[in-house]
Amino acid sequence: RDVLGSRGLGDVYKRQLLTKPIKALHVDPEGDLWIGTKNDGILRIRDFYSRRTFTRENTDSYTAADSPLGKNSVYTFAGSRRNVLWIGGDGGVCYYSYRHRRIFELPRSGALRRIHGLYEDRDGVLWAASVGYGVWRIELSGSADAPVAANVEPVELGLKARSRNFFFSVCEESDSTLWFCNHGIGVVHYDTVSYTHLTLPT
């Protein structure tokens, strides 16, 4: 379904639930709409498709002042096989725990910042695309409700990619193929088995 339905999201601005531009949208398995913004943090609309109006009574707001987001610019959400929702932004990688009903910073994720794309692959590995810091592969440990970064390493994509480390998104084509979208050099095809890559200019 169209995440905006037939109504659009103008109501969140009319009611001043948000004041800054929207950067990410995600509907989770509970039917809640997560909205990431540039400098307004996150707005969560509970049971989105059943709502006709959006008010403070049926929404939750998360900012760097009241959560571990670190920064108020949030650019991406990603589902998980674990009982969490991945969150990426200028402050790094966080997750929302459905068990604990709150946001946590991903422990041991290091100095990851400016995350614009996240994807958990079929093996449970988390991939992070960042602006200025390249692409990262994050192996996870911990529990389904409280993941921990067991190993965080940069993905080698060649000299040309390193000189233009502005990556905005990541998606999986198959169980061994990922695509990374880069501003400046095009898209990068990456084989997770052979660790080879191919840049396709746009």
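Ring pairs join W34, Y62, F77, Y96 and Y98 into a cluster, where rings of Phe, Tyr and Trp (its six-membered ring) are taken to pair if their centres lie within 6.5 Å, with planes under 30 degrees apart counted as stacked, over 60 as edge-to-face and the rest as tilted. The structure is a predicted model, in which local features need pLDDT of at least 70 and side-chain atom pairs count only at pLDDT 80 or more, whereas totals for chains, interfaces and linings use all residues. Residues are numbered from 1 along each chain as its sequence is written, and side-chain values use heavy atoms, with hydrogens and water left out.

Across the whole structure, 13 aromatic pairs are found. W34 and F77 form a tilted pair, at 6.2 Å centre to centre and with 55° between the planes, and this pair links W34 in strand β2 (residues 33–37) to F77 in strand β5 (residues 74–78), 43 residues apart; strands are DSSP runs (E, at least two residues), numbered from the N terminus. W34 counts as buried at 0% relative accessibility, and F77 is likewise buried, with a relative accessible area of 9%, the term buried denoting under 20% relative accessible area (1.4 Å probe, protein chains only). A further tilted pair is formed by W127 and F180, at 6.2 Å centre to centre and with 40° between the planes. W127 lies in strand β10 (residues 126–130) and F180 in strand β14, so this pair ties together parts that are 53 residues apart in sequence; both W127 and F180 are buried.

Strand β14 also belongs to an open sheet of four strands, ordered β13-β14-β15-β16 with antiparallel pairing, where two strands pair if DSSP finds at least two bridges between them. The edge strands, β13 (167–174) and β16 (197–200), each pair on one side only. β13 and β14 (residues 177–182) are joined in the antiparallel sense over six bridges, and E172 stands opposite L178 in β14.

Key: Buried means under 20% relative accessible area, exposed over 50%, partly exposed in between (1.4 Å probe, protein chains only).
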